[in-house]
Amino acid sequence: MEIGNHHFDLEQDAYIMGILNVTPDSFSDGSRYQNLDAALRQAEKMVEEGAAILDIGGESTRPGHQKITDQEEIERVVPVIEAVRSRLDVAISLDTYKYEVAKEGIRAGAHMINDIWGLRWDERMAPLLARTNVACCLMHNRAAADYEDFLTDFHSDMKRTVEIAKSAGIADDKIMLDPGVGFGKTYEQNLYIMKHLDSMRALRYPVLLGVSRKSVIGLALSLPVEEREEGTETTTVIGRMKGASVFRVHDVKRNVRALRMAEAILKSEA
């Protein structure tokens, strides 16, 4: 997969995506990187620690988050995208489901759009991605966790998202999928989709897993958000064993190390 001018062998290798939230209300690191200089320092730190992709977000998507206007989101993310692109040799992802934000982000230099609504929020998004030929991560999501049969319905939703992408003309080698842990699912369903992550291989696209510090970890371990790193690393390792190729995390260094250890075991030959 090509993300900008960066090549990713998502069939053989695995990569860490560092989270760079430039929001005041992110559940984990809200307000830390609103200042451009602070955002750049964090971007540099994550690249030094081994992040292959940076995912820049201007609106929190945590439960109960405050929606903002397209213009406010654009004003938050565009300067960061431009600065990161000018200073760092790294693939840049923009975390947005909004057409106008995506359009301006791509114009500023984003190489990829990370859409938490899997092209279902705005019908203009898929044609935009096809026209600009940027990569995309398409996430599973629902407004409510109402399923007749969870795994069957999950795969039906994912297939529909792929159909939207293909109908718009998005190339296969520009698509990766995200199971959407923490979105439109109960605690039990979040655990279940991670347990059955390997079932996504049937969709024949690379898988991104983003579980870093989420409530499913907090509930499983009875820990606050600032103490969920070991849980995050566990999901990275198990996710790799189940076939995921990209891992979206806050703590790059620890997850790079966990992933390298998992890779050493998985690729070992007697």
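A salt bridge here is a side-chain nitrogen of Lys or Arg within 4 Å of a carboxyl oxygen of Asp or Glu. D172 and K166 meet that rule, with their closest N and O atoms 3.0 Å apart. This is a predicted model, in which local features need pLDDT of at least 70 and side-chain atom pairs count only at pLDDT 80 or more, while totals for chains, interfaces and linings use all residues. Residues are numbered from 1 along each chain as its sequence is written, and side-chain values use heavy atoms, with hydrogens and water left out.

## The chain as a whole

Let us begin with the overall dimensions. The C-alpha trace spans about 45 × 40 × 40 Å along its principal axes.

Buried residues make up 56% of the 270 residues; buried means under 20% relative accessible area, exposed over 50%, and partly exposed in between (1.4 Å probe, protein chains only). The chain exposes about 12200 Å², and carbon and sulfur atoms supply 47% of this area. Accessible areas come from the Shrake-Rupley method with a 1.4 Å probe, and for residues only the protein chains shown count as cover. Of the contacts between residues at least 6 apart in sequence, 67% join residues at least 24 apart, where contact means heavy atoms within 4.5 Å.

## The sheet and strand β10

The secondary structure comes to nine helices and ten strands. These are DSSP runs numbered from the N terminus: helices are H or I with at least four residues, and strands are E with at least two. Eight of the strands form an open sheet with parallel pairing, in the order β8-β7-β6-β5-β4-β3-β10-β9. Its edge strands are β8 (175–178) and β9, each pairing on one side only. Two strands pair if DSSP finds at least two bridges between them.

Strand β3 (residues 15–21) runs parallel to β10 and is joined to it by four bridges, with I16 opposite F247. Strand β9 (residues 208–209) is also parallel to β10, and two bridges join them; here L209 is the bridge partner of F247. In a regular strand the side chains alternate between the two faces of the sheet. In β10, V246 and R248 lie on one side and F247 and V249 on the other, and all are buried.

Elsewhere in the sheet, β4 (residues 53–57) and β5 (residues 91–95) pair in the parallel sense over five bridges, and L54 stands opposite I92. I92 is also touched by R85, as are G109 and H111, not counting residues up to four places away in sequence. R85 lies in helix α2 (residues 70–87) and is partly exposed, with a relative accessible area of 45%. R85 and H111 are 26 residues apart in sequence, with their C-alpha atoms 9.7 Å apart.

## Charged pairs

Side chains of opposite charge can pair when their charged atoms come close.

| Salt bridge | N to O distance |
|---|---|
| R248 and D95 | 3.2 Å |
| K103 and E100 | 3.2 Å |
| D172 and K166 | 3.0 Å |

R248 lies in strand β10 and D95 in strand β5, so their pair ties together parts that are 153 residues apart in sequence. R248 counts as buried at 15% relative accessibility, and D95 counts as buried at 8%.

K103 and E100 make a local pair: both lie in helix α3 (residues 99–108), three residues apart, about one turn of the helix. K103 is partly exposed at 24% relative accessible area, and E100 is partly exposed at 25%. D172 also counts as partly exposed, at 41%, and so does K166, at 37%.

Salt bridges also link D13, R240, E263 and K267 in a network.

## A nonpolar surface patch

Which residues form a nonpolar patch on the surface? They are I238, M241 and L266, which together have about 290 Å² of accessible area. Patches are made of residues with over 30% relative accessible area and no salt bridge; like charges are joined within 9 Å, and nonpolar side chains (Val, Leu, Ile, Met, Phe, Trp, Tyr) within 5 Å. M241 is in helix α8 (residues 229–241) and is exposed, with a relative accessible area of 52%.
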